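This briefing is meant for a reader who has not seen the structure before. Please look over the sequence and the model first.

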Amino acid sequence: MNEAPFLCRLEEIPDGGAIGVTIESATGGFGVILLREGGRVFAYHNECPHAGRALDYVPGRFLVKDSRITCAAHGATFAVASGACVGGPCRSGLVAIPVRVEDGKVIAAADAG
C-alpha cells in the first residue's frame, strides 16, 4: 500500500489564499491548487475547465478573493469550497483532489492522481 503524499504544512497556505504544488504520479506529475479557509483545505487540479490552462497568473500565484478563485486567463470563477463554476466562461467545475489535514500537515489521499 502506498503512503499518502505529504503536500505541505497548513501554515504554508495563506488563510483565504492558495498555493500550487505538484503531486507525483506514475505518469510524471500534475499541478494542484491548495486553498485554505481557516483549518480547512480544498484541493483541485490546476487546470481551468474552460480552456485547459493553469489557473495561476505566474507559477504558484492565484487570484483568490471572497472564497472564490478566478482563472487569470479568461476570468472563469469557481467557489473555493466546492470547485463549482460561479461565473465567467466555465464548462464545468474544477476537478477535486481529496486531501486531509493531520497534525498541521496537508496530505493527499493515497489514490490521488
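The points below cover fold, surface and charge.

This is a predicted model, in which local features need pLDDT of at least 70, side-chain atom pairs count only at pLDDT 80 or more, and totals for chains, interfaces and linings use all residues. Residues are numbered from 1 along each chain as its sequence is written, and side-chain values use heavy atoms, with hydrogens and water left out.

**Fold**
- The chain has 10 strands and zero helices (DSSP runs, E of at least two residues for strands, H or I of at least four for helices, numbered from the N terminus).
- The radius of gyration is 13 Å, close to the 13 Å of the globule rule for 113 residues, so the chain is as compact as a globular protein of that length (taken over C-alpha atoms; the rule is 2.2 Å times the number of residues to the power 0.38).

**Surface**
- Of the 113 residues, 37% count as buried (under 20% relative accessible area; exposed is over 50%, partly exposed in between, with a 1.4 Å probe and protein chains only).

**Charge**
- The structure holds three salt bridges (a side-chain nitrogen of Lys or Arg within 4 Å of a carboxyl oxygen of Asp or Glu).
- Arg-9 and Glu-11 form one, at 3.2 Å from N to O; Glu-11 is exposed at 54%, and Arg-9 is partly exposed at 30%.
- Glu-37 and Arg-40 pair at 3.4 Å, N to O; Arg-40 is partly exposed at 47%, as is Glu-37 at 22%.
- Arg-100 and Glu-102 form a salt bridge with their closest N and O atoms 2.5 Å apart.
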